[in-house]
Every structure is written in structure tokens, then in C-alpha cells.
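Biologist: Can you walk me through this model? I'd like the core, the charges and the surface.

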Amino acid sequence: MSNAISKFAAVLLAVIVMFIYPAAEASQRQDDLSRIVVYHAVTQFVDAVRNKGYITPVMYQQFLEEMQATGNEFDVQMEHLHKTYHPEYTDAANPGTFQNAFSIVYEGYYTSDLMNRLFPETSLPKDDESRVYKLTVGDFFKVTVKNVNRTPGTIMLDFITGTLTGETAVIAFPYGGMVLNEDY
């Protein structure tokens, strides 16, 4: 009887070592490659926007296509903080007197605002000037990308450990910075 149990344990160990472990490692490598592709796509897109000072529908679609090559689904959030200067005036003794100072205010525009400009309800061509979202020098632009599906590495890890990790994003990158140029 103990001979049969030891043979079963040896076969089980052989299956784990020969099939499950290599499959788990391969799926982890696939997740690593997906992270690299997404990191490259995000940095390339954000840097292009920061250097050009605008976003076109073609730029955005190429960005999405590059990330979709990983086989994962992503939630893309964009944030544009537009820098404006407001002069400071007195309100007390002499109303309306300029104080020789300015306050800086950032107006926030987010994904829905940008998408309404890039992809309006009308059937304008992709290269139409009205579909270009323009930024100005000194503005801030940021993109945050997170996967919304369970990656192969997550699925395999859940299988091996017998748990369910849930909805945590395995591939997530925030990246942004100041707009450096207006090339329009």
C-alpha cells in the first residue's frame, strides 16, 4: 500500500515539475512582456503629447492598438490640467486695485472631456482640425492605464494556490508631466 502511495506522490510531483511549473513561469513571463509593452506605449504616447502639445484621434487609436497587442483589456484614464493665471485685486479699502501678483489655477479636464473632443457625435474625418485636442505649454498631462481582465499569470497563480485574487490590476502605469511644446 505504501508503495502505491509513494508512486502516486512521485507521479504527482513529476506532473507539477514537468507541466504546471513551466506553464506558470511562461504565463508570468507573458505578464512581464505585457507590462513592458504597456509601459512603452504609455511613455511613448504621453511624451508625444507633451512634445507636440496636442492629441489627435489617430495618435490615441495607435496608442490603444499597441496596448491591445498584449491580449489584455485596459482602462485608460487621461487628465489634463490647464494652467491659468488670475490677477490678484484687493477687496477691502480700495476695491479693484491690482496687487502686483497673480495666482495660478489649474483647470482639470478628464477622459470624458478629451474623448468628446477627439470622437464627437458627428461624422467628421479623423484628420479634421476640430477633432484635435490642444494643450498649452505649462499644462500638465497624465495617463493612467490599468488592466481590467485577469491576466494569464493571475489565472495560473490562482490555479496553483487555489485562491481567487479578485479584481486587482496586475498591469498598472501612471505616467505624465508638463507640456513642453505647442507644435500646432
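Modeller: Here is a short tour, core to surface. This is a predicted model, where local features need pLDDT of at least 70, side-chain atom pairs count only at pLDDT 80 or more, and totals for chains, interfaces and linings use all residues. Residues are numbered from 1 along each chain as its sequence is written, and side-chain values use heavy atoms, with hydrogens and water left out.

Biologist: OK, core. How many residues are in the largest nonpolar core?

Modeller: The largest nonpolar core has 27 residues. Such a core is a set of buried Ala, Val, Leu, Ile, Met, Phe, Trp, Tyr and Cys residues joined through side-chain atoms within 4.5 Å. Buried means under 20% relative accessible area, exposed over 50%, partly exposed in between (1.4 Å probe, protein chains only).

Biologist: Which residues have the most contacts inside it?

Modeller: Phe45, Ile55, Phe63 and Phe141. The elements giving two or more residues to this core are α1, β1 (54-55), α2, β2, α3 (111-118) and β5 (140-147). Helices (H or I, at least four residues) and strands (E, at least two) are DSSP runs, numbered from the N terminus. The largest share, 6 residues, comes from α1.

Biologist: What does Ile55 touch?

Modeller: Leaving out residues up to four places away in sequence, its partners include Phe45, Val49, Tyr60, Leu114 and Phe141. Contact means heavy atoms within 4.5 Å.

Biologist: How many aromatic pairs are there?

Modeller: There are 7 aromatic pairs. Rings of Phe, Tyr and Trp (its six-membered ring) pair if their centres lie within 6.5 Å; planes under 30 degrees apart count as stacked, over 60 as edge-to-face and the rest as tilted. Take Phe45 and Phe63: their ring centres are 4.4 Å apart and the planes are at 10°, so the pair is stacked. Phe45 lies in helix α1 and Phe63 in helix α2, so the pair ties together parts that are 18 residues apart in sequence. Phe45 and Phe63 are buried. Phe45, Tyr60, Phe63, Phe119 and Phe141 form one aromatic cluster.

Biologist: Switching to charges. How many salt bridges?

Modeller: The count is 5. The rule is a side-chain nitrogen of Lys or Arg within 4 Å of a carboxyl oxygen of Asp or Glu. One network links Glu25, Arg29, Asp32 and Arg35.

Biologist: Which partners does Asp32 have, and at what N to O distance?

Modeller: Asp32 bridges Arg29, with the closest N and O atoms 2.6 Å apart. Asp32 also meets Arg35 at 2.6 Å, N to O. Asp32 and Arg29 are 3 residues apart in helix α1, so about one helical turn separates them. Asp32 is partly exposed, at 28% relative accessible area.

Biologist: Ser27 is in helix α1 too. Buried or exposed?

Modeller: Ser27 is buried, with a relative accessible area of 7%. Ser27 touches Pro152, Gly153 and Met156, not counting residues up to four places away in sequence. Gly153 and Met156 are among the buried residues of helix α4 (residues 152-161).

Biologist: And the surface? Which residues make the nonpolar patch?

Modeller: Tyr85, Tyr89, Phe98, Phe102, Ile104 and Tyr106 make a patch of about 650 Å². Patches are made of residues with over 30% relative accessible area and no salt bridge: like charges are joined within 9 Å, nonpolar side chains (Val, Leu, Ile, Met, Phe, Trp, Tyr) within 5 Å. Areas come from the Shrake-Rupley method with a 1.4 Å probe; for residues, only the protein chains shown count as cover. β3 gives the most, with 4 residues. Phe102, in strand β3, counts as exposed at 54% relative accessibility.
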